[in-house]
Amino acid sequence: MIVFISGGVRSGKSRVAEQCAQKLADEGDRLHYIATAKKTDEEMAERIRHHQLQREKGRWKTWEQPHTLREIVSFFHTCDVILLDCLTNLWANEMFQDEQWQIEEKMQKRAQNVYRDILDLASRTKGLVIVSNELFNGGVPSDAGTYLYMKGLGWLHQQIVAVSSVAIVMQYGIPIVKKGERPCGTEPFLPCNF
């Protein structure tokens, strides 16, 4: 099962994704958190620390994997539920790892590789919850790097949602189900804690 959760910055995506992964995991299942963020500045370092503290409250095994998911795919099994947070960072790390980001054909291949790795993760596990950001409300910028980044991310979103059992968009802390039903029955998600 793939659950795709997207939304704006600070919309509650990670909180709902964690709750969803925990609901998908039975007592004997293992919870894994694939963290894709790199510490690029103090704000990002603080966000990473916040997410690490949240995971310490549960039974998560964290994998710091900012790129190349295929390197860890073989470690997962059918008793695993994975939270991938987030596709936006993963795609940026994959795309901008070298100067080839300027070649559109190379970026298409990299996007296809990311998608293949996600399908591999999903096929090996009980559940895969993917978090991503919605970046398209303000239009597409004209500079080449941002345009290719958004084009690749948009393609990944479409491919992943097409194979997902559930697709959710977060708005103002409220999960809006766009495809499927709320995971794990009809229970409401827990309210946001500040």
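1. Leaving aside neighbours within four places in sequence, His157 is in contact (heavy atoms within 4.5 Å) with Phe4, Leu87, Ser132, Asn133, Glu134 and Phe136. His157 is part of helix α5 and counts as buried, at 8% relative accessibility; buried means under 20% relative accessible area, exposed over 50%, and partly exposed in between, with a 1.4 Å probe and protein chains only.

2. The model is predicted: local features need pLDDT of at least 70, side-chain atom pairs count only at pLDDT 80 or more, and totals for chains, interfaces and linings use all residues. Residues are numbered from 1 along each chain as its sequence is written, and side-chain values use heavy atoms, with hydrogens and water left out.

3. Helix α4 covers residues 104-124 and helix α5 residues 144-163 (helices are DSSP runs of H or I, at least four residues, numbered from the N terminus). Their axes, lines fitted to C-alpha atoms over the stretch in contact, are 10 Å apart and meet at an angle of about 30 degrees, on a scale from 0 to 180 degrees between N-to-C directions. α4 is therefore roughly parallel to α5, a term for angles under 35 degrees.

4. On the α4 side, the contact is made by Glu104, Ala111, Gln112, Val114, Tyr115, Ile118 and Leu119. The α5 side supplies Leu148, Lys151, Trp155, Leu156, Gln159, Ile160 and Val163.

5. Asp120 also belongs to helix α4. Asp120 is partly exposed, its relative accessible area being 32%.

Technical notes
Helix = DSSP H or I, 4+ residues; strand = E, 2+ residues; numbered from the N terminus. Parallel < 35°, antiparallel > 145°, perpendicular 65-115°, else oblique.
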